[in-house]
Amino acid sequence: MLETSKNTLDPSDWNAFRLQGHRMLDDMMDYLEHQRDQPVWQPMPEEVRLSFRQALDDGQHDLESAHQLFMKDVLPYALGNVHPGFMGWVHGGGTPIGMLAEMLAAGLNANLGGRDQAPIEIERQVVQWTRELFKFPETASGLFVTGTSMANLIGVLIARTALLGVGVRHEGITAGNRQLIAYTSANAHVSIVQAMDIAGFGSNALRTIPVDERYQMDIAALELAVAEDRKAGMTPFFIAGTVGTVGVGAIDNLHSIAELCERENIWFHVDGAYGALAMLAPDIAPRLQGIERADSIAFDFHKWGQVPYDAGFILVRDGELHQSAFASPADYLKRESRGMAAGSPWPCDFGPDLSRGFRALKTWFTLKVYGAEKLGQVISNTCTLAQHMKRRIEAEPLLELLAPVALNIVCFRYRSADANRINADIVIALQESGIAAPSTTTLNGQLAIRAAIVNHRTTANDIDALINAALELGKIASKNTPQAQP
Ligand SMILES: *Cc1c(COP(=O)(O)O)cnc(C)c1O
């Protein structure tokens with residue numbers, strides 16, 4: 001009999017381990033099956049928080065007792081984005097199938113940096129599906145990343161290489177003495193600002209263009225800004241349009257941006273973090289027209305796509321250029337035509353990560369098992385629910401809609417004196433009630449209760465519960481407010 005290592009971390013009793021593993025799986029299935037019996041969120045007691053401040057060597061646990069700690073101290077105090085009443089920020093709901101796929105991926109412990117292995121073929125399959133979805137050419141490249149924040153950064157870096165040439169990777173962005181300028185709407189996500197900062201241009205090199213009454217980037221103002229910068233001797237190189245702004249869910253006018261970019265030789269990037277996957281919904285996809293003209297699209301499978309965190313993605317029209325912006329040869333990463341080092345180019349040639357997890361598997365399972373059509377219906381249904389919420393708000397004299405409802409995000413407030421403070425209080429009280437969990441944003445100086453309906457589990461009853469609770473809590477909060485303050 002072959003000896004096992006005396007240092008192995010594998011269980012000594014596989015049968016006992018198997019039983020314990022099945023209990024853990026059952027617990028998570030129970031959790032997902034009975035979501036509705038739980039509060040969306042509940043504050044964590046101080047003693048629970050303190051229980052996570054122990055020294056490294058403080059008390060050893062076996063698997064069973066560590067699992068019990070998880071069930072007692074972690075699971076009840078998660079954020080709650082798997083719950084149907086969760087409508088804060090823009091969070092995906094995840095799925096039971098995604099959970100199982102994550103387990104399979106962890107068991108394989110695949111490193112998707114490169115080399116010749118089936119897991120990379122799974123990622124290439126998903127890349128192929130995204131090309132099809134966005135009508136991109138066969139030569140387009142794609143890569144899983146943590147999220148759209150990273151994908152936006154990669155978009156900026158490729159656009160930089162497109163304009164300055166691959167020499168920029170050695171000489172840096174200041175070598176040619178050209179001042180590169182980027183543009184996005186004032187309602188774009190802060191990760192685009194960060195991308196300009198991290199890429200070394202500085203956030204001052206990003207122009208934030210005002211939006212119109214529908215919260216779309218003002219194209220005339222954009223054209224003017226580009227023209228003025230050129231006149232001043234600067235070089236416009238990157239425009240990011242947004243599909244589904246984080247504040248209100250607006251979609252920029254993609255055709256107009258595409259035309260300007262073609263005319264002016266500017267990189268056209270789309271931040272479609274949550275919205276781009278609306279391409280899966282036949283009733284919404286027509287509103288994304290022009291996205292097929294983008295040079296790069298950043299989006300997340302972990303938001304509207306319901307894939308468990310994290311599963312961000314970047315799709316790039318010119319795959320060769322994408323590769324030239326990142327590929328970094330090294331002796332220990334030598335490619336071969338046979339053996340394990342075959343299959344070049346590798347995913348590590350398309351981004352900053354070498355070691356990479358198997359994000360593709362949970363995405364592949366999600367698309368394979370639920371199917372594109374079903375996922376499209378989920379997306380479409382969240383927009384229908386947003387319209388239901390909008391009608392409820394319009395029917396309530398004490399509530400006021402604060403922005404058009406383009407997709408699945410609804411911004412409203414309770415009418416009251418001192419409305420910004422009252423509505424902030426309402427949102428905190430809603431979250432602490434465990435009934436529903438919206439978040440806030442500020443629109444034209446007005447604090448809004450913001451509900452982003454992303455979760456496939458959410459129903460009209462959950463919307464009604466949020467509205468009813470907001471009305472009730474609004475009454476309580478405004479009663480406690482001294483009226484007519486100077
Ligand atoms: C969520 C979001 C991002 C950031 O994506 P992450 O996956 O959280 O990094 C960027 N842009 C928009 C419009 C978003 O909604």
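A residue is called buried when its relative accessible area is under 20%, exposed when that area is over 50%, and partly exposed in between, with a 1.4 Å probe and protein chains only. Keep this definition at hand for the whole tour, which runs through a predicted model in which local features need pLDDT of at least 70, side-chain atom pairs count only at pLDDT 80 or more, and totals for chains, interfaces and linings use all residues. Residues are numbered from 1 along each chain as its sequence is written, and side-chain values use heavy atoms, with hydrogens and water left out.

**A first stop: Gln35**

Select Gln35, which sits in the loop between α1 (14-33) and α2 (46-50); helices here are DSSP runs of H or I with at least four residues, strands are runs of E with at least two, and both are numbered from the N terminus. Gln35 has a relative accessible area of 4%, so this residue is buried. If you leave aside the neighbours within four places in sequence, Gln35 is in contact with Val82, His83 and Pro84, where contact means heavy atoms within 4.5 Å.

**The two domains**

Next, colour domain 1 (31-49 + 59-101 + 371-486) and domain 2 (111-329 + 336-357) separately; such bounds come from an automatic or database domain assignment. The centres of these two domains, taken over C-alpha atoms, are separated by 30 Å. Domain 1 brings 33 residues to the contact, and domain 2 brings 26 residues.

**The nonpolar cores**

Now turn to the inside of the model, where a nonpolar core is a set of buried Ala, Val, Leu, Ile, Met, Phe, Trp, Tyr and Cys residues joined through side-chain atoms within 4.5 Å. In soluble globular proteins, nonpolar side chains tend to be buried together. The largest nonpolar core in this model has 104 residues, and those with the most contacts inside it are Phe134, Leu222, Ile291, Ile297 and Phe301.

**The ligand**

Which residues come nearest to the ligand? Of the 13 residues around the ligand, they are Ser149, Asp271, Asp300, His302 and Lys303, a residue being near a molecule if one of its heavy atoms lies within 4 Å of it. Show the side chain of Ser149, where a polar atom lies 2.7 Å from an oxygen atom of the ligand. In the side chain of Asp300, an N or O atom is 2.6 Å from an oxygen atom of the ligand, and for Lys303 the distance between such a side-chain atom and a ligand oxygen is 3.1 Å. The ligand on its own has 380 Å² of accessible area, and the protein covers 85% of it.

Is Thr245 buried or exposed? Thr245 counts as buried, because its relative accessibility is 0%. You will find Thr245 in the loop between β4 (235-242) and α10 (254-264), where Thr245 touches Asn187, Tyr215, Ala250, Tyr274 and Ile409, not counting residues up to four places away in sequence.

From there, move to Tyr215, in the loop between β3 (206-209) and α9 (219-231). Tyr215 counts as buried at 8% relative accessibility, and its phi is near 70 degrees, a positive value in a residue other than glycine.

**Backbone details in other loops**

Arg115 also has a positive phi, of about 80 degrees, although Arg115 is not a glycine. Arg115 belongs to the loop between α4 (96-108) and α5 (118-133), and at 30% relative accessibility Arg115 counts as partly exposed.

Then select Tyr309 and Asp310, whose peptide bond is cis, with omega near -15 degrees; Asp310 lies in the loop between β6 (296-300) and β7 (312-316). Another cis peptide bond joins Ser344 and Pro345, with omega of about 0 degrees.

**A last stop: Lys390**

Finish at Lys390 in helix α12 (residues 359-395), a residue that is partly exposed, with a relative accessible area of 23%. Leaving aside neighbours within four places in sequence, Lys390 is in contact with Leu401 and Val405.

Conventions
A polar contact is a pair of N or O atoms within 3.5 Å; within protein, one must be able to donate a hydrogen and the other to accept it, and residues adjacent in sequence count only if both atoms are side-chain atoms. Accessible areas come from the Shrake-Rupley method with a 1.4 Å probe; for residues, only the protein chains shown count as cover.
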